Amino acid sequence: MTGAGADVQFHTIPNVNDLNIRASVESGQPLTFHAGYALDDGAERLEYATDKGVIKIRRERARPSSLQYSFTGGYTWRSARDEITTRFGLSHDMHQIYSRIRTDSFMESAVSSLYGMRVTENRPWEAALCFIVSQFNNMKRIRGTIRSMVHRFGDDIETDGVEARLFPSPEAISNASVADLMACGAGFRARYIKNAAHVFAENPELSSMHGLEYDELKKRLMGIGGVGDKVADCILLFGYGKHEAFPVDVWIKRVVEEVYFNGKGQKAASIHDFANERWGKHAGYAQQYIFEFGRRNKIGVRK
DNA sequence: ACCCAGGCGGGCG
DNA sequence: CGCCCGCATGGG
């Protein structure tokens, strides 16, 4: 039993329900930009790199509430299970969340269309990099740029003859030149990326400040050059699990104006207020359903 | 050819 | 403050 890829042992996470893996990884969240997803007749598979190793997930059609996984790198079966549990929000109470965000017929449609989509919780630095790259950019190019950075700056790991790369560390990106980052397709964001990488590398406590309140943490993040209001909210939501965050991008603005303001233009601040009043501590979940449902159905797009 | 993209910082009024 | 502009570059 030797040779490339031989003998990968799979473990199981039982009783996983209300999880739409595909929607969770194809809805503009960090995994959209660097993970690999595949679906065939018998099963769906997902593979993604973290800062510690590579996680593989498999779910067979015949056993839909059982998640199978394997790992390489610095994981144990326990820590890999915890990584998956956190990453996919397996402890989120989806029934509670849905009961709070299905406030109207639009949200009913969005939830029913994307049922099981999770707000994923990624590493803070990973979220920061992905969403800085996302500014004034499109999905395909964001993906190409992040993948290129993983390829060029992620550490190699080799386990059982299988080689892969980790998600690039802040140190590695900080040490790259602006020209190198632009060669990955980062464009004018290259200097923001280098700066943010430097800040995360020099302030490792940033990566474990989940205990701070939303306001305090947002202030901290917006102090990083290249991180503004929208990207800070994305890092709070997708990097620290702050579900009250409601990032307002061009899609959210368009859809919310169309659905809730009769097509009338609103300032970002009033959209924030509206979301906080309507969805409170679950606003981030509402945001993810509005974003993806609106984008898939091109709601509010003119012409 | 042309407009747009999960924005941000800087400069001006 | 609030508004306006440039910014790199590929996708549709």
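Ala, Val, Leu, Ile, Met, Phe, Trp, Tyr, Cys and Pro are counted here as nonpolar, Asp, Glu, Lys and Arg as charged, and the others, Gly among them, as polar. The model is predicted, so local features need pLDDT of at least 70 and side-chain atom pairs count only at pLDDT 80 or more, while totals for chains, interfaces and linings use all residues. Residues are numbered from 1 along each chain as its sequence is written, chains are lettered from A and ligands numbered from 1 in the order in which they are written, and side-chain values use heavy atoms, with hydrogens and water left out.

**View 1. The surface near DNA strand B.** A residue is near a strand if one of its heavy atoms lies within 4 Å of it. DNA strand B is surrounded by 26 residues, and the closest are Gly28, Asn137, Met139, Arg254 and Gln287. Of the DNA strand B atoms within 4 Å of the protein, 58% belong to sugar and phosphate. By class, this surface has 10 nonpolar, 11 polar and five charged residues.

**View 2. Polar contacts to bases of DNA strand B.** A polar contact is a pair of N or O atoms within 3.5 Å; within protein, one must be able to donate a hydrogen and the other to accept it, and residues adjacent in sequence count only if both atoms are side-chain atoms. A polar backbone atom of glycine 28 is 2.8 Å from a base oxygen. Aspartate 249 places a polar side-chain atom 2.8 Å from a base nitrogen. For glutamine 288, a side-chain N or O atom is 3.5 Å from a base oxygen.

**View 3. The surface near DNA strand C.** Lysine 140 instead has a side-chain N or O atom 3.0 Å from a phosphate oxygen.

View 4. Strands (E, at least two residues) are DSSP runs numbered from the N terminus, and two of them pair if DSSP finds at least two bridges between them. The sheet is open, with order 1-5-4-3-2 and antiparallel pairing. Strand 1 (11-13) and strand 2 (36-39) are the edge strands, each pairing on one side only. Strand 2 is joined to strand 3 (residues 43-49) by four bridges, and leucine 39 has glutamate 44 as its bridge partner in strand 3.
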